[in-house]
Amino acid sequence: MAVFPETSRRQVVGWLAVFGSAFSFYMATVIIRWAGDYVAIETPFFVFARFLLGFFVALGTMAVGRQRFAPKNYHLLWGRTIANTIAVFCFYKAVEVTTLAEANILNMTYPIFVTIISWFLIKEQRDRFVIAIVAFAFIGVWLIISPGGVVFKLQNLWGLFSGITAAFAMIYLNLSRRCHDSQTILLFMFGCGALLIALFYHNTFFRPNLLELAFLLACSVAGVVGQYMLTYGFFFVTAVEGSIISSSRIFFAALLGPLMVGDPALGLPGLIGALLIFLANSTLAYRRVTNRSTV
């Protein structure tokens, strides 16, 4: 006789998968910083490698499952692809020019910007309480980008812009899911994302040696594994659980940077900012679900 019912086991698997995705996304950024000590690989090459590997993984899984590529609304697929490509590029650039904590935490502001965008576009989702949550979240953002209270760190705009564009990518993803399966979305996003990076940044590409190839492959594997674990995990957890567990990357970033790559500690203002953003993400996720249940 099983100790836990089947639903509980599936839920635990979902929790572990989403948690694993958060750690995988974080490790992709750690690998980029490790690479900087040994090789000279520019941000676009890391992004291109991630998308190229993702394309072949999606193609392979579709072939194994005998699943057809079935695009329908190309404007939604392109919207998802362009927004996600910009978001990943800005995120990896933030990792290059700021600390891991700042880059990851600011990237995780995307649920806040999803709420802001939805508030303007969807009349039914206008909620004064949500505005208060967003205000607290922006206090957290300010504590991250200006921990001294006065000096604004311009390079942190890369991380903040990655959060904004990731919000648009998530909105396009939700719209695309209404008429496309996940594999079609992933194949289009990875393939066309790789083409866009190659089109604009091909001059940064080169034939890598074994060490360079190892860093490119390790970073790409971490990113793609994180993407698939997140997709898989959300089949078994609620939106609130998934959002809260995904936001655990904020704590990885806040606490592990000094240990993993020797970054300076975030400091008390930054830690408070990280906590405010985490609480805002969790509250917004819970609010969305409760609002749906009362409609």
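1. A salt bridge is taken here as a side-chain nitrogen of Lys or Arg within 4 Å of a carboxyl oxygen of Asp or Glu. By that criterion, a search of the whole structure finds two salt bridges. The model is predicted, so local features need pLDDT of at least 70 and side-chain atom pairs count only at pLDDT 80 or more, while totals for chains, interfaces and linings use all residues. Residues are numbered from 1 along each chain as its sequence is written, and side-chain values use heavy atoms, with hydrogens and water left out.

2. On overall architecture, the protein chain has twelve helices and zero strands. Helices (H or I, at least four residues) and strands (E, at least two) are DSSP runs, numbered from the N terminus. Along the sequence the pattern reads α-α-α-α-α-α-α-α-α-α-α-α.

3. Buried means under 20% relative accessible area, exposed over 50%, and partly exposed in between, with a 1.4 Å probe and protein chains only. Of the contacts in the protein chain with a separation of 6 or more, 87% are accounted for by residues 24 or more positions apart; a contact means heavy atoms within 4.5 Å.

4. The side chains of K93 and E96 form another salt bridge, at 3.4 Å from N to O. Both residues lie in helix α3 (residues 74–97), three residues apart, which is about one turn of the helix. K93 counts as partly exposed because its relative accessibility is 21%, and E96 also counts as partly exposed, at 43%.

5. Helices α8 (residues 182–201) and α9 (residues 210–233) have axes that come within 12 Å and cross at roughly 160°. Axes are lines fitted to C-alpha atoms, for helices over the stretch in contact, with angles running from 0 to 180 degrees between N-to-C directions. The two helices are therefore roughly antiparallel, a term for angles over 145 degrees. From α8, the contact uses S182, Q183, L186, M189 and F190; from α9, it uses Q227, Y228 and T231. These residues divide into four nonpolar, four polar and no charged. Here Ala, Val, Leu, Ile, Met, Phe, Trp, Tyr, Cys and Pro count as nonpolar, Asp, Glu, Lys and Arg as charged, and the others, Gly among them, as polar.

6. Helix α12 (residues 267–293) contains S282, which counts as buried because its relative accessibility is 10%. S282 and I244 are 38 residues apart in sequence, and their C-alpha atoms are 5.2 Å apart in space. L279 is also placed in helix α12, but counts as partly exposed at 43% relative accessibility. Its C-alpha atom is separated by 8.8 Å from that of I133, 146 residues away along the chain.

7. The backbone at R66 deserves a remark. Most residues other than glycine have a negative phi. R66, however, has a phi near 50°, a positive value in a residue other than glycine. R66 is found in the loop between α2 (43–64) and α3, and counts as exposed because its relative accessibility is 79%.

Methods. Angles under 35 degrees count as roughly parallel, over 145 as roughly antiparallel, 65 to 115 as roughly perpendicular and the rest as oblique.
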